[in-house]
Amino acid sequence: MRIVLLSLLLCVVTACSQEKVPAADITPPVIASQQAVSMPDTFAADAAMAVLNEGGTAVDAAITAQFVLAVTFPEAGNIGGGGFMTIYMDDEAAFMDYREMAPAAAHRDMYLDENGDVKTEESLFGAKASGIPGSVAGMWEAHQRFGKLPWKRLVQPAVDLAKNGFNVPAKLADHITRYMARMEEQGISSNFEQFFGEAAAAGVLFKQPELAAAMERIRDQGKDGFYEGETARLIAEFMAANGGLVTEADLRSYQAKWRSPIVYPWQDYKLITAPPPSSGGVAVAQWISMLNEVLKQQKLPDQNSTAYIHLMSEIGKRVFADRAEYMGDPDYVEVPVQALIDPEYIQARASEVNPDAISVTEEVKPGLYESPDTTHFSVMDKWGNAVANTTTINLSFGSGVVVEGAGFLLNDEMDDFSAKAGVPNFFGAIGGTANEIQPGKRMLSSMTPTIVLKGEQVKLVTGSPGGTTIISSVAQSILNTLFFDMTAEESANSPRFHHQLWPKDTIAYHEGLDAAVVSELEAMGYTMKQSNFGDVHLIKRTDKGLEAASEARGRGKAMVEEAPLD
Ligand code: DON
């Protein structure tokens, strides 16, 4: 259906509008389309584009990218973590939740000392910080439902890169060097250097034989090549020897879940975005629709002006108050999604926004509705299907420990739970009972892989890393692209800002934001903190075709290619 429509459309703008030519000169028109990838590194971009060129779907390309990033982007790419994949395929919206789960032995107070204080380092570093990884199960389920090329073909590039090695990009070498220095400074002991120390030099050919063997097991045995057998045994042994909780039984019980994405009308568009256990979809929907409400009373301020940033910050306060109170794993707590994005609720919340001054933080309560490393990539195939995928081991290089014998880093996702009500986690997010630790529960996330449709056509595929700042990055990438009509490149690289209620009246902002705007916001009473959060990778459809862009600060690569339609 999609192919027919697209062919018809192309026919209208190309072949069918040509003047009549003598019959002998008529060669069958090559109906071309476009395909695009926007990836956090060149290895993933090239491997994903090769899959598209072989006739793979956006989901096929995403699976390859996920596994390649587990080899070439160790700070966030992973098989030891989890994530979310938002899919729009053959006019169907789907959402794959492959978020980590708390192991069976986890309990609410597991990170508290005898005085009831949070032992932060335990939920951030070392084996005890890890939840049960979900990435391999997520890719497997996505392939079962939407895959076209064989699984083995899709995993092979990761095997090759781990086995034969890749030349370490300067930015990765630099990242590893800084990470090792920080670990030493903080007296954290881990086997990280033993596995990644060699990659601290730019240009060196870095091979990962243990990871290659783990990838081969995934290639040959699918999901069972990770959750059963050798790899499962290695994970469980490593955990037992290092104070971690994940067992072979935990690994066997892990389930990736298909969930209904949040589908939310906004302007002339429809957002397809992340439902709980992500807070991101609700938060982005609230943010951009509250802005709409406010704009019924006043005119749209210029993008990134003082008035705009203040307005967005006022809205952000309300978004994050709701996040802290109501959001958690929907398999364990009731999350009032519909109520939180209900138009009347949004209208009421928007009416609390003060356009001229900062509203008092302590007075911003959850509404009464009558509730630094992850990575993201975006893909569009030649049929117009799209994938937005955000994946993480939480902080850069996760828990900082590597499964011996299997060569991959484990996540420190347990820190995304609320270790104690009201005590902020690494990202400054606070939470209560909705996000407390329970065995088998998924920790609340901010990851928000998002696809925006106009009618049935994908207009935008977007997402970003950055913990709680993901919500701002995604909301602003949507507004920049579709509201302020920026090109993909402008949208990905326009300075962003973030306000999350606490710390009080504090705005994080990107380098490059107008200095006068920063001073004006300070004069209003905001504390302004420069911080280059996020790494947006987006694809935009314009009337002329696709545009793809990766934020310039990172080491991403975005490309659009012509593709013959079959
Ligand atoms: O799921 C979440 O919201 C976090 N674990 C994401 C962490 C992250 O984005 C770190 N990136 N810079």
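These legends walk through several close-up views of a predicted model.

Residues are numbered from 1 along each chain as its sequence is written. Local features need pLDDT of at least 70 and side-chain atom pairs count only at pLDDT 80 or more, while totals for chains, interfaces and linings use all residues; side-chain values use heavy atoms, with hydrogens and water left out.

**View 1. Confidence along the chain.** Let's begin with pLDDT, the predictor's confidence in each residue, from 0 to 100. The protein chain has an average of 92, and 93% of the residues score at least 70. Over residues 1-24, pLDDT stays under 50. For that stretch the model has 24 contacts beyond four places in sequence, where contact means heavy atoms within 4.5 Å.

**View 2. The seven-strand sheet.** Helices (H or I, at least four residues) and strands (E, at least two) are DSSP runs, numbered from the N terminus. Two strands pair if DSSP finds at least two bridges between them. Here seven strands make an open sheet in the order E6-E3-E2-E10-E9-E1-E18, and the pairing is antiparallel. E6 and strand E18 (557-564) are the edge strands, each pairing on one side only. From one strand to the next, the twist averages 15 degrees.

View 3. H5 has 12 residues and spans 16 Å from its first C-alpha to its last, close to the 16 Å expected at 1.5 Å a residue (the expected span is 1.5 Å times one less than the number of residues). Among the buried residues of H5 are Val136, Met139, His143 and Phe146; buried means under 20% relative accessible area, exposed over 50%, partly exposed in between (1.4 Å probe, protein chains only).

View 4. Strand E2 (residues 82-89) and strand E3 (residues 92-97) run antiparallel and are joined by six bridges. Across this pair, Phe84 stands opposite Asp97, and Met85 faces Met96. Two residues lie between the strands of the hairpin, and Asp90 in the turn has a positive phi of about 50 degrees. E3 also pairs with strand E6 (residues 257-259) in the antiparallel sense, over three bridges. There, Phe95 has Arg259 as its bridge partner.

View 5. The UniProt annotation "active site", from an unreviewed entry, covers Thr374. UniProt positions are given in the numbering used here, feature names are shortened, and annotations may be inferred rather than shown by experiment. Thr374 lies in strand E9. Is Thr374 buried or exposed? Thr374 counts as buried, because its relative accessibility is 7%. Not counting residues up to four places away in sequence, the residues that Thr374 touches include Ala76, Thr390, Asn394, Met447 and Gly466.

View 6. E7 pairs with strand E8 (residues 269-273) over five bridges, and Tyr264 stands opposite Leu271. Leu271 in turn has Val452 in E11 as its bridge partner, and Val452 stands opposite Leu460 in E12. Four of the five residues of strand E11 (residues 450-454) are buried. In the hairpin of E11 and E12, Gly455 takes a positive phi near 60 degrees.

**View 7. Helix H11 and its cover.** Helix H11 (residues 229-241) has 13 residues. Its buried residues include Leu234, Ile235, Phe238 and Met239. An α-helix has 3.6 residues a turn, so residues three or four places apart point the same way. Cover for the buried residues of H11 includes helix H9 (209-221), helix H10 (224-227) and helix H12 (248-253). After H11 comes Gly243, with a positive phi near 80 degrees.

Definitions and conventions. Axes fitted to C-alpha atoms, helices over the stretch in contact; angles between N-to-C directions.
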